[in-house]
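Here is a short report on one protein model. It starts with the terms, then moves from the whole chain to single residues.

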Amino acid sequence: MQERVDDFVIKHSKISRARLKELILSTDNIAVEMGTVLVGQEAVREGLIDRVGNLNDAKYIIS
């Protein structure tokens, strides 16, 4: 299951597999048992998201 999650994140962001693994195994900002919490600009720097926005930037698709 973790591999599927990793593959999804890598496919939909600009983070490398190696860096993602480093963040998952990091104990600096540990969340629960494993993982790292990244907020705002930290996530941008790591390539997980393109930019930080607000609710006005979000687009909702209602089908």
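## Terms and basis

Helices (H or I, at least four residues) and strands (E, at least two) are DSSP runs, numbered from the N terminus. By that rule, Arg19 is found in helix H2.

This is a predicted model, in which local features need pLDDT of at least 70, side-chain atom pairs count only at pLDDT 80 or more, and totals for chains, interfaces and linings use all residues. Residues are numbered from 1 along each chain as its sequence is written, and side-chain values use heavy atoms, with hydrogens and water left out.

## The chain as a whole

The protein chain has three helices and zero strands. Along the sequence the pattern reads α-α-α. The chain holds 63 residues, and 16% of them count as buried. Buried means under 20% relative accessible area, exposed over 50%, and partly exposed in between (1.4 Å probe, protein chains only).

The accessible surface comes to about 5,500 Å². Carbon and sulfur atoms hold 55% of that surface. Areas come from the Shrake-Rupley method with a 1.4 Å probe; for residues, only the protein chains shown count as cover. Contact means heavy atoms within 4.5 Å. Among contacts with a separation of 6 or more, 20% are between residues 24 or more positions apart.

Helix H2 covers residues 17–25. Its buried residues are Leu20, Leu23 and Ile24. Seen down the axis of H2, they fall within an arc of 100 degrees, so they line one face of the helix. The arc is that of the directions from the helix axis to the C-beta atoms. An α-helix has 3.6 residues a turn, so residues three or four places apart point the same way.

The cover over the buried residues of H2 includes helix H1 (2–11). On the face turned away from the buried side sit the exposed residues Ala18 and Leu25.

## Ser13 in the loop

Ser13 lies in the loop between H1 and H2. Its relative accessibility is 16%, so Ser13 counts as buried. A polar atom of the Ser13 side chain lies 2.6 Å from the backbone oxygen of Val9. A polar atom of that side chain also lies 3.5 Å from the backbone nitrogen of Ile15. Leaving aside neighbours within four places in sequence, Ser13 is in contact with Gly47 and Leu48.

## Salt bridges

A salt bridge is a side-chain nitrogen of Lys or Arg within 4 Å of a carboxyl oxygen of Asp or Glu. The count comes to five. One of them joins Asp6 and Lys21, with the closest N and O atoms 2.9 Å apart. This pair links distant parts of the chain: Asp6 is in helix H1, Lys21 is in helix H2, and they are 15 residues apart. Asp6 is buried, at 3% relative accessible area. Lys21 is partly exposed, at 35%.

Which residue forms a salt bridge with Glu22? The partner is Arg19, with the closest N and O atoms 2.7 Å apart. Both lie in helix H2, three residues apart, about one turn of the helix. Glu22 is partly exposed at 47% relative accessibility, and Arg19 is partly exposed at 28%. Arg19 also forms a salt bridge with Glu46, the closest N and O atoms being 2.7 Å apart. Glu46 lies in the segment after helix H3 (41–45), 27 residues from Arg19. Shared partners join Arg19, Glu22 and Glu46 into one network of salt bridges. From C-alpha to C-alpha, Arg19 and Glu46 are 8.2 Å apart.

Note on methods. A polar contact is a pair of N or O atoms within 3.5 Å; within protein, one must be able to donate a hydrogen and the other to accept it, and residues adjacent in sequence count only if both atoms are side-chain atoms.
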